[in-house]
Amino acid sequence: MQAMPTTTDHSLLLAIVDDLAESGWSRQNLFIAQDLTLELATECRKRAAQGGLSPASIGRGATQVVREGVRGDQIQWLERGQSAASDRYLDLMEGLRQALNQGLYLGLEDYESHFALYPPGAYYQKHLDRFRDDDRRAVSVVLYLNQDWLPEHGGALRLYLKGEREHDLAPLGGSLVVFMSAELPHEVLPAARERLSLAGWFRRRGGSPL
Ligand code: OGA
Ligand code: MN
């Protein structure tokens, strides 16, 4: 059996760097191989079936609250060593972290990420990925795990680009969306079917200036 690549084609990483420099966001349709997407989707469903996912909360520390009216996804944070597939995903993100630091001098220090499952009808209202009491999140990343997603399934990630322009991205399996956490308001529209993803954030050192 051929070993799965643990690094991404460098031209993909450079395309993401260029897009972020130019417009603050990027979308790559074939970021990971189909079989890894499937393995991660299976793992997400398994974690859900085992009761590992919990209602997502908003904010950090003492200000953390669960508000279903704001976001209705179920999440589980990732740690290294939980499965071969999720470790491979973390390796790919490490390659992206290094490319972003080399290309954009962002000083990204670590990566936090969670599986997310949106049941049918669940959504996440318009927001920025930065907490009032924690400004470490610098770059947001979402990898979608949905096979055979059709336009009528809904569930788009809606980006609010500058100049009042809205841009909707379907959560197609294997595609990756990357954007500057503090700059790009976005929301998740409700879907007609279960919607699976891995969402993550590259963080700077705590206390560094914005
Ligand atoms: C988030 C988020 C977008 C998506 O988890 O903060 O905005 O498309 N997710 O799942
Ligand atoms: Mn978000």
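**Notes on rings, charges and the metal site**

1. Lysine 126 lies over the face of tyrosine 160, at 4.1 Å from the ring centre, where a charge is taken to sit over a ring if NZ of Lys or CZ of Arg is within 6 Å of the ring centre and within 35 degrees of the ring normal. A second contact of this kind involves arginine 137, whose charged end sits over the ring of tryptophan 201, 3.7 Å from its centre.

2. A word on the basis of these notes: this is a predicted model, in which local features need pLDDT of at least 70 and side-chain atom pairs count only at pLDDT 80 or more, while totals for chains, interfaces and linings use all residues. Residues are numbered from 1 along each chain as its sequence is written, chains are lettered from A and ligands numbered from 1 in the order in which they are written, and side-chain values use heavy atoms, with hydrogens and water left out.

3. The structure holds three aromatic pairs, a pair being rings of Phe, Tyr and Trp (its six-membered ring) with centres within 6.5 Å, counted as stacked if the planes are under 30 degrees apart, edge-to-face if over 60 and tilted for the rest. One of them joins tryptophan 77 and tryptophan 201 in a tilted arrangement, 6.2 Å centre to centre and with 50° between the planes. This pair links distant parts of the chain, since tryptophan 77 belongs to strand 3 (residues 74-77) and tryptophan 201 to strand 11 (residues 195-203), 124 residues apart; strands are DSSP runs (E, at least two residues), numbered from the N terminus.

4. Tryptophan 77 is partly exposed, with a relative accessible area of 36%, whereas tryptophan 201 is buried at 7%; buried means under 20% relative accessible area, exposed over 50%, and partly exposed in between (1.4 Å probe, protein chains only).

5. Tyrosine 111 and phenylalanine 202 also form a tilted pair, 4.6 Å centre to centre with 40° between the planes. Tyrosine 111 is in strand 4 (residues 110-118) and phenylalanine 202 in strand 11, 91 residues apart, and both residues are buried. Ring pairs link Tyr89, Tyr111 and Phe202 into a cluster.

6. The manganese ion (ligand 2) is coordinated by His127 (NE2), Asp129 (OD) and His186 (NE2), at 2.1 Å; donors are N, O and S atoms within 2.8 Å of the metal (3.2 Å for Na, K and Ca), and because water is not among the atoms, sites may look incomplete. Histidine 127 lies in strand 5 (residues 124-127) and histidine 186 in strand 10 (residues 186-188), so the two histidines tie together parts that are 59 residues apart in sequence.

Notes: Helices (H or I, at least four residues) and strands (E, at least two) are DSSP runs, numbered from the N terminus.
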